[in-house]
Amino acid sequence: MKIRIKKIKEITDQHYKLLLNADPSKKLVDDYLKRSWVYEAVAFGKLAGIIVLLPTRPETLEIVNLSVSKKFQRHGIGTHLVQYAIKFGQINGYHTLEVGTGTTSFGPLYLYQKCGFRMISIDRDFFSKNYSKPLIENNLLLKDMVRLRLDIKSI
């Protein structure tokens, strides 16, 4: 499958649908979009996925949102987007790529570890504190965020 990744100039309703699938707070999404680079993955002429990259500290870039359309899941789109983030970070002088995801987000946890990320910490009660409604994922109450890191300087 040929996947094309391109920078997004304007966020459409279709983009928002994907973004909110990964992060249900429009307020938080709107906040980090202002400070980030946003890229879309297109396959067969259709929006297949989206990734948002935010510089957080000197030499550190964070994936703050990554979402793949349901009909394109399990086709390598997520892996392709993570690999794009790694290359983007390296080209732009970042040494570290970080990501945070829910402790109940089994698919994303597998993806990031498959791509070489290592767990570095748990942000206890992150979702309980930052979201007004309880979040249920995989039939579990989502409370904590797992933080993962990849040293992209040495790859």
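Colleague: Contact means heavy atoms within 4.5 Å. Which strands does helix α4 lie across?

Modeller: Helix α4 (residues 106–114) lies across β4, β5, β6 and β9. It runs at about 160 degrees to β5. Axes are fitted to C-alpha atoms, for helices over the stretch in contact, with angles from 0 to 180 degrees between N-to-C directions. Helices (H or I, at least four residues) and strands (E, at least two) are DSSP runs, numbered from the N terminus. This is a predicted model: local features need pLDDT of at least 70, side-chain atom pairs 80 or more, while totals for chains, interfaces and linings use all residues. Numbering starts from 1 along each chain as its sequence is written, and side-chain values use heavy atoms, without hydrogens or water.

Colleague: What's the strand order in the open sheet?

Modeller: β1-β2-β3-β4-β5-β9-β6, with mixed pairing. Pairing takes at least two DSSP bridges.

Colleague: Which strands stand at the edges?

Modeller: β1 (3–7) and β6 (118–123). β1 runs antiparallel to β2 (residues 37–43), joined by five bridges. I5 has A41 as its bridge partner in β2.

Colleague: Switching to S67. Buried or exposed?

Modeller: Buried, at 5% relative accessible area; the cut-offs are under 20% for buried and over 50% for exposed, partly exposed in between, with a 1.4 Å probe and protein chains only. S67 sits in strand β4.

Colleague: And which residues does S67 touch?

Modeller: Beyond four places away in sequence, they include L18, N21, A22 and L81. A polar atom of the S67 side chain lies 2.9 Å from the backbone oxygen of L18.

Notes: A polar contact is a pair of N or O atoms within 3.5 Å; within protein, one must be able to donate a hydrogen and the other to accept it, and residues adjacent in sequence count only if both atoms are side-chain atoms.
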